[in-house]
Amino acid sequence: MAWGGLIDRYGSRMNIAGKDRPVTLFEGNTPLVPAPKLAEWIGGDIDLYLKYDGMNPTGSFKDRGMTTAITHARAEGAEIVICASTGNTSAAAAAYASRAGMKCVVLIPDGKIAYGKLAGTLAYGAQVVAIRGSFDDGLRLVQEISAVTPIALVNSVNPARLEGQKTAAWEVCEQLGAIPDWLALPVGNAGNISAYWMGFSECWRSECAQLCKKPRVKRPQLLGTQAAGAAPLVDGHPVDHPETKCTAIRIGRPARGDQALQAIKESNGIITKCSDDEIFAAYREVARREGVFCEPSSAAGLAGFKQQIAAGTGPQPGQTVVAVLTGHGLKDPDSAVAEAVAPVTLDADLDTLRRYLLA
Ligand code: AN7
C-alpha cells in the first residue's frame, strides 16, 4: 500500500485536532541505513545504523512535527503561523503552511542560517524576517507575539510538534525489528530528544503497549550532543552568545531543556558536548565512508558516540546503536564545499585528462 504520511500511519496515537484532514507531504518512512564502515571509524565494535531523516520532503526531521502542528493549527482555525528558526523549522513550516493555504512568518538569526534552508524557506513562500539577534531572541519574540495575536506558534514548545516527531522512535524500532541499545542525536532546542523519549515510552503497537506496562520493555539509552560553543544543558546554565559552525544547533536557551534532561536521566543516558572539529570530522566521514550526506549539525550524534566510546562510558561492544541524521547535507552547501578538496579545472582534451588521471 502506498505510504500515506505520518498522520495516516500513526494518527490513532497522536493527540492533535484535524486528523481527519491531514496536511501532509507524505513525510516519514525515512531509511535506516546500516553503517559498518563508519562504525569502524567510531570504534568500540558497535552495530551502527543511521536514521536518515534528512530524506524527509523538505530535507529535515522537522517535517514530522510540522505535519501535525500545521494540521492542528488549521483545525483550530488559525490562518497565520509563525516560528523562530535556525533554518530547518522555517523551511518545514513554510512548506506545510503553503500546502494548507496558510500564511507563514519566520524569524531567522540574520546571516546565521545555511543557504539551502534559506532557499527552501523563500521558495515555499514564507515571509522571512531576519533579526539582529540569535535564535533565542527570535523564539522569545514569536512566543510574545503569538500570545497577543491569533497567530499560531509552531515551534516545538507547541505540543502538537512532538506528537509528530515521536513517530521517529517507532519507525526506528520497526525498521530494526528491535529496540536499539542506544540512540544518539544532536540537541538544540531539545524538542527532538524529548519527542524520541515520548515515542520510546509510549510504543505504538498494542502488543508493544501491553509489554510496556509489565515490566517495561527496554528503552534505549539516549545520547544527546550539543556543540561546545552552544551547550547550555551540559554547562548547566543558559548561554547568552552561543557560537558554533553548526548553525542548526546554535541555541543557548533550549525551550525543552528540562524535559530533555529528564528524558536523559530516565534513559540512563548522557548529555555531552563536542567541539566543532569533532562534529565536522564525523560529518566528513559519514559521507565518505557510507555515501550518506547530512548537514554538519546532524553529525553531532556520531561525534558523541565516538567521544563516549573512547571514554568507556558509551555503548559497549556488540550493542546496537542508532544515530539520527536530522538534516540533509544539501541544506548547507557552503560547509560541504569548504570541507572538501576543491575540484581541478582542465582543458576539455583527452590527452590532458589522461595525463591528469594517470599522474
Ligand atoms: C539538522 O530549525 O531549531 O533539539 O529552528 O535543524 O529539536 O531543536 C533546528 C534544530 C538538530 C536540533 N539537527 O533539534 C530550527 C531548529 C538539525 C536541526 C536540531 C536542529 P532540537
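Strand 4 (residues 103-109) and strand 5 run parallel and are joined by 5 bridges. Strands here are DSSP runs of E with at least two residues, helices are runs of H or I with at least four, and both are numbered from the N terminus. One of the bridges links Pro109 to its partner Ile131 in strand 5. The model is predicted, and local features need pLDDT of at least 70, side-chain atom pairs count only at pLDDT 80 or more, and totals for chains, interfaces and linings use all residues. Residues are numbered from 1 along each chain as its sequence is written, and side-chain values use heavy atoms, with hydrogens and water left out.

The sheet is open and has 4 strands in the order 5-4-3-6, with parallel pairing. Two strands pair if DSSP finds at least two bridges between them. Strand 5 (127-131) and strand 6 (152-153) are the edge strands, each pairing on one side only.

The ligand sits in the largest cavity. A cavity is a set of points, on a 1 Å grid over the protein atoms alone, where a 1.4 Å probe fits but cannot get out; to sit in it, a molecule needs more than half of its atoms within 2 Å of its grid points.

Around the ligand are 23 residues, the closest being Asn88, Thr89, Asn189, Ala190 and Thr326; a residue is near if one of its heavy atoms lies within 4 Å. Helix 4 (88-100) and helix 9 (191-202) each supply at least two residues of this shell. By class, the shell has 9 nonpolar, 12 polar and 2 charged residues, with Gly counted as polar.

Polar contacts are pairs of N or O atoms within 3.5 Å. A polar side-chain atom of Asn88 is 2.7 Å from a ligand oxygen. The ligand alone exposes 470 Å², of which the protein buries 99% (Shrake-Rupley method, 1.4 Å probe).

Key
Polar contact = N/O pair within 3.5 Å; in protein donor to acceptor, adjacent residues only side chain to side chain. 1 Å grid on protein atoms, 1.4 Å probe; cavity = no way out; pocket = protein on both sides within 12 Å on 5 of 7 lines; lining within 4 Å.
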